[in-house]
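Hello,

Here is the structure we talked about handing over. Please look through it first, then read the notes below.

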Amino acid sequence: MTKEKIIKQLNIFYGLELFQVDVYTSQSKWVNDIYMRKVFERMAVIEQQHVDNLASKIREMGATPSKIVEMTTPYAGALTGKTLSLTHLKTALKTNIVFEREAMKMYKDFIMGVGSDEELFELLWGNLIDEDLHAVWFTNKLKELEAVTH
Ligand SMILES: [Fe+2]
Ligand SMILES: [Fe+2]
């Protein structure tokens, strides 16, 4: 992959990770359960770390971090001041799982083409594993909620 292509990819991930920060921050405000609130808050912190590590890599490569694709959270606005109902919560978890798995797939593809930049390689692996842990937690929580509501 050329340097330009790598920078473009990094910017795509930068936008994606910013979106994830928004989503989990929103969800942390709307979820009723304190444990889940703390989980979403913590996940937003981790996604922010991804934003920051990608941004500093982009700068290190001589470019400026910029969102290539503008993504908006499906939870913005409409739910302000309300709490997530169980149905909404389950839908949110399902959406989160889809996004986390998609991010994992994208990170895996990126890693394959990254070449000899060891530092970038490690950075992408770290982010990928975090997304895996998020997906696993959401999947497990969803199962738990499905079990009590059946
Ligand atoms: Fe992330
Ligand atoms: Fe994640």
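How many helices and how many strands does the secondary structure of the protein chain come to? There are four helices and zero strands, where helices (H or I, at least four residues) and strands (E, at least two) are DSSP runs numbered from the N terminus. From the N terminus on, the order is α-α-α-α.

This is a predicted model, in which local features need pLDDT of at least 70 and side-chain atom pairs count only at pLDDT 80 or more, while totals for chains, interfaces and linings use all residues. Residues are numbered from 1 along each chain as its sequence is written, and chains are lettered from A and ligands numbered from 1 in the order in which they are written.

Of the 150 residues in the protein chain, 26% are buried (20 or more other C-beta atoms within 10 Å of the residue's own, with C-beta atoms placed from the backbone).

Leaving aside neighbours within four places in sequence, L89 is in contact (C-beta atoms, placed from the backbone, within 7 Å) with V31 and L84.

In α4, the buried residues are L120, L124, N127, E131, H134 and F138. They pack against α2 and α3.

Regards

Terms used:
Two residues are in contact if their C-beta atoms, placed from the backbone, lie within 7 Å. A residue is buried if 20 or more other C-beta atoms lie within 10 Å of its own, exposed if 12 or fewer, and partly exposed in between; C-beta atoms are placed from the backbone.
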